[in-house]
Amino acid sequence: TTPAAAGSLVSTADDMLLWMRALTGGRAIGAASYRQMVTPPTLPGVQPADPYGFGIYIWRVRGEAMVGHTGQVNGFASVVAYLPSRDVTIIALANDEDFDARTFGRRLAAIALERPYPRVDARPMSDEEMRALAGAYLHDDGVVQTLSVRDGRLQSQRGGGNMIPLQMSAEGRL
């Protein structure tokens, strides 16, 4: 009953760990194929925010490389990632399609790297503040980021990506 591109797969965190270890360890595909998989193609004049190899993202967390992928489909969200410098695999599975699995995975990776992101205390935003920020913003890379108010919260959507709830920090930063 799930969208066809999602593969209709069911898995567990333990299974995802076994899969990621086999993939990054050269047992699912050969070492040369894996190196190619984690090497994003280059296009002249294009520098993506999150480079994408052959079926895998190449992220940076606290200056360290992290490879992985997220998933999101009707009621579920997930992330599986690997930090080669620490030989650490990160997996998060959620029963909430609005869960920001990528950010959660990055936060877990920062903890594994012993350089966690600082805690940001939220402060309430007034309806007037949220409405003032709502709109479409064009980034230098040509991608449009839309801020909108939904269910009494300020939401962000970059390009066709997931809608992510925002919060105002105690210092007045989004």
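Tutor: A salt bridge is a side-chain nitrogen of Lys or Arg within 4 Å of a carboxyl oxygen of Asp or Glu. Now the model itself. It is predicted, so local features need pLDDT of at least 70 and side-chain atom pairs count only at pLDDT 80 or more, while totals for chains, interfaces and linings use all residues. Residues are numbered from 1 along each chain as its sequence is written, and side-chain values use heavy atoms, with hydrogens and water left out.

Student: Why are Arg-150 and Asp-151 called a salt bridge?

Tutor: Their closest N and O atoms are 3.9 Å apart. The limit is 4 Å, so the pair counts. By this rule there are three salt bridges.

Student: What makes Asp-151 exposed or buried?

Tutor: Its relative accessibility is 74%. Buried means under 20% relative accessible area, exposed over 50%, and partly exposed in between (1.4 Å probe, protein chains only). Asp-151 is therefore exposed. Arg-150 has 34%, so it counts as partly exposed.

Student: How do you know that Arg-21 and Asp-87 form a salt bridge?

Tutor: Their closest N and O atoms are 2.6 Å apart. That is within the limit, so the name applies. The pair links distant parts of the chain, 66 residues apart. Arg-21 sits in helix α1 (residues 13–24), and Asp-87 in the loop between β3 (76–83) and β4 (88–94). Helices (H or I, at least four residues) and strands (E, at least two) are DSSP runs, numbered from the N terminus. Arg-21, at 25%, is partly exposed. Asp-87, at 41%, is partly exposed too.

Student: Why is the Tyr-52 and Tyr-57 pair called edge-to-face?

Tutor: Rings of Phe, Tyr and Trp (its six-membered ring) pair if their centres lie within 6.5 Å; planes under 30 degrees apart are stacked, over 60 edge-to-face, and the rest tilted. The count comes to three aromatic pairs. Here the centres are 4.5 Å apart and the planes make 70°. Tyr-52, Tyr-57 and Trp-59 form one aromatic cluster. Tyr-52 is partly exposed at 34%, and Tyr-57 at 25%.

Student: What makes a set of residues a nonpolar core?

Tutor: The set holds buried Ala, Val, Leu, Ile, Met, Phe, Trp, Tyr and Cys residues joined through side-chain atoms within 4.5 Å. The largest one has 13 residues. Val-61, Met-66, Leu-83, Ile-90 and Ala-109 have the most contacts inside it. β1 (57–61), β3, β4 and α3 (101–112) each give two or more residues. The largest share, four residues, comes from β3. Apart from this core lies another of nine residues, among them Met-20, Leu-23, Tyr-34 and Met-37.

Student: Which residues does Met-66 contact?

Tutor: Contact means heavy atoms within 4.5 Å. Leaving aside neighbours within four places in sequence, the partners of Met-66 include Tyr-57, Trp-59, Leu-83, Ile-90 and Ala-109.

Student: Why are β6 and β9 said to stand at the edges?

Tutor: An open sheet of four strands has the order β6-β7-β8-β9, with antiparallel pairing. β6 (135–138) and β9 (163–165) each have a single partner strand, so one side of each is left without a neighbour in the sheet.

Student: How do you know that β8 and β9 pair?

Tutor: Two strands pair if DSSP finds at least two bridges between them. In β9, Ile-164 is the bridge partner of Ser-156.
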